Amino acid sequence: MRHSLTLTIGPARFRIGSAWKEPIARLRALYAAYPQEEGVADFTVRLEPAGVGRRWWRPSVRIAGDHMLPDALPMALRHGLLAAEMGMNLQMALGWRRHLLIHASSVEKDGRALVMTGESGSGKSTLAALLGERGWRFMGDEFALIDLADGKVHPFPRLVSLKNASVAAMRVEVVDGARFGPLMRGTPKGDIAHLVPPAAATARMGEAAAPALLLFPRYGFARDIRPVGQGEAFMRLTQASTNYVALGEAGFETLHRFVTGVPALAVDYESGEEALELIDALWADLS
Amino acid sequence: MSARTLMALLREPSGASGLGARAWNGVISAARAERLLGTLAVRLEGVEVPEGGRAVLVDALLDTEREARIALWEADRAARALAPLGLEPILLKGAAYAAAGLEAGRGRMIGDLDILVPRDRLDEAEAALLDAGWEWVKPDPYDDAYYRQWMHELPPLIHRERDRMIDVHHTILPLTARPKPDAAELVAESVGVGGGLRVLSPEDRVCHAVAHLFADGDLSGGLRNLWDVRCLLGEMGDEAALERRAARHGLGAHLARARRLADHVFGARGERLSLADRLFLCRLLARDGWGRDGAKLLGLAFYIRSHVLRMPPLMLARHLWTKWRKGHRPV
């Protein structure tokens, strides 16, 4: 393809090709701290014109690649960076087999990992980003990769995808404006801006950590903490995993080890500060 | 032209050790798009590959092993549903290769389950499958009627709990196609593989693969089908019997073309290709290093050809008009 980039995030290497220059230039700049040398890629992502002439006329991006969704809607070129991110996520979700992949954010402190999972809007992404600025190591806001052999959590620290109100919230937290990507308004997921993770996240993206706590956060509800039983945690994590079925017995063994070894709590909160305070207290209780 | 590099590696796996990262990435994308990555992984076992390449191949092998396991389970479920009728389903394509332990099945992606039953038992078989939890997926009455009147199979059924598709065939080509395979002979010569399952005879397996490749469809995914043909021919005992069989099914010319192309793409290249063969070759090897179809116009031509093969002109016109009114547009 006319423009391309190789990008390594955690254990996965992507080859991203594009019919247009802008999305690749944006990726290259925002992922400047990540390895970009050419090599054997695990996945290929293509950003291609969504129809004849759509390279120039009302340019429209179809997300394609090794793994594709048959009925994915094309996106406007001004949202090209988001299209690239979605393309990479899609490859991981549909194609990754080397870990149990859970739709979750994760952060690490003192060699142990906190994993947060929940529906879109639960705040798991923003909480991980906030914790990453407050003394924790940010490991990822989208996928937690659980090792099939020893159960450790491997980082997948791609750009943080901030949506709507959390963009402003993180602008207060992160002074360095260069760490933000462009604000993309009116995307299928709302207003989105990407945030470059802290330097430690990329420098240590090969370092796994044993999981110590699993949270199911829920934003916008009065403060509450409830224990989550192992059976319920198991069921909810099978739904949050994109490759649990594909991994077969290995997926079952890994998820079983995870829920029997890691305490799980559901946490409701009304503000980021409240959540951070809760998490600090829960973390202190563990040790 | 990464499909050509893929072709070279399938023919001569040792070439993999000399590939750079860029060429390798092209091969992997082309192989994924052609659903041949598992096959490539089998061929490259024990061969040195570029750093980072082995993990991709191991993943692909695991995926195809799972596919085969699921396909055989689905076959078993179908056999169980049909057993009360005294019917043993004849497995076709991928599931048959897996059940019979054929080379073509190694590393192959399988997908839907295809079975063949005698045409006069089709209604019973359909009722038994519906009873056992399969459901119709084509809600459109035109499509449903079209399948029942003109196709070689029932409208696809999907299992409501396992979400897997089954295609129930009564012959191997649409009834409107020029060649008229002898379906009764296909059934009569089929062989048992245990577990209440059957597969076509070795000769008929080749005939079916050839018919599927050249007499039906637009050759998308054709490289994988040609690989099937290459493997099936390699395991053929009696060549003369195969020729007689192909002639009987009206597939003699298609078989000859399949032999020439399989020889050219995966074999010793002893045969001369005709001009038409070369068009087929371009279509089969159109995948570029990003996994895209690099010959879209040729693809469109083959798409049109697939319709011409399937229906006489007047019927085709009526069909296209109906589909157009329903909002269908060719991709």
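Predicted model: local features only at pLDDT ≥ 70, side-chain atom pairs only at ≥ 80, totals over all residues.
Figure 1. Chain B contains 15 helices and 7 strands. Along the principal axes, the C-alpha atoms of chain B occupy a box of roughly 55 × 45 × 45 Å.

**Figure 2. The open sheet of chain B.** Seen in this view are 7 strands in the order E3-E4-E5-E2-E1-E7-E6, and their pairing is mixed. Strand E3 (134-136) and strand E6 (191-194) of chain B are the edge strands, each of which pairs on one side only. E3(B) runs antiparallel to strand E4 (residues 157-159) of chain B, and 3 bridges join the two. Within this pair, Trp134(B) is placed opposite His159(B) of E4(B).

**Figure 3. Helices packed on the sheet of chain B.** Helix H4 (residues 53-82) of chain B packs on the sheet and touches strand E1 (90-91), strand E2 (113-116), strand E5 (165-169) and strand E7 (197-199) of chain B. The direction of H4(B) makes about 40° with that of E2(B). Helix H6 (residues 122-131) of chain B also packs on the sheet, where E3, E4 and E5 of chain B are touched. Between the direction of H6(B) and that of E5(B) the angle is about 165°.

**Figure 4. The two domains of chain A and their contact.** According to the domain assignment, chain A consists of domain 1 (3-95) and domain 2 (99-286). The contact between them involves 18 residues of domain 1 of chain A and 22 residues of domain 2 of chain A. On the side of domain 1 that touches domain 2, helix H1 (22-30) and helix H2 (80-95) of chain A each supply at least two residues. H2(A) provides the largest share of that side, with 8 residues. The C-alpha centres of the two domains of chain A lie 24 Å apart.

**Figure 5. Packing of helices H3 and H4 in chain A.** Two packed helices are described by the angle between their axes and the distance between the axes. Helix H3 (residues 124-133) and helix H4 (residues 165-173) of chain A pack at an angle of about 5°, and their axes are 11 Å apart. H3(A) is therefore roughly parallel to H4(A), as angles under 35 degrees are counted in this way. From H3(A), the contact is made by Thr126(A), Ala129(A), Leu130(A) and Glu133(A), and from H4(A) by Ser166(A), Ala169(A), Met170(A) and Glu173(A). These contact residues divide into 4 nonpolar, 2 polar and 2 charged.

**Figure 6. A hairpin in chain A.** Strand E12 (residues 184-187) and strand E13 (residues 190-195) of chain A run antiparallel and are joined by 2 bridges. E12(A) and E13(A) form a hairpin, with 2 residues between them. Met184(A) has Ile192(A) in E13(A) as its bridge partner.

**Figure 7. The contact between chain A and chain B.** Here 16 residues of chain A are in contact with 17 residues of chain B. Strand E2 (12-18) and strand E3 (43-49) of chain A are the elements that give two or more residues to the side of chain A that touches chain B. E2(A) contributes the largest share of this side, 3 residues. The residues on the side of chain A divide into 4 nonpolar, 4 polar and 8 charged.

Methods:
Residues numbered from 1 in each chain as written. Chains lettered and ligands numbered in written order. Contact = placed C-beta atoms within 7 Å. Helix = DSSP H or I, 4+ residues; strand = E, 2+ residues; numbered from the N terminus. Nonpolar A, V, L, I, M, F, W, Y, C, P; charged D, E, K, R; others polar. Axes fitted to C-alpha atoms, helices over the stretch in contact; angles between N-to-C directions. Parallel < 35°, antiparallel > 145°, perpendicular 65-115°, else oblique. Domains from an automatic or database assignment. Pairing = 2+ DSSP bridges.
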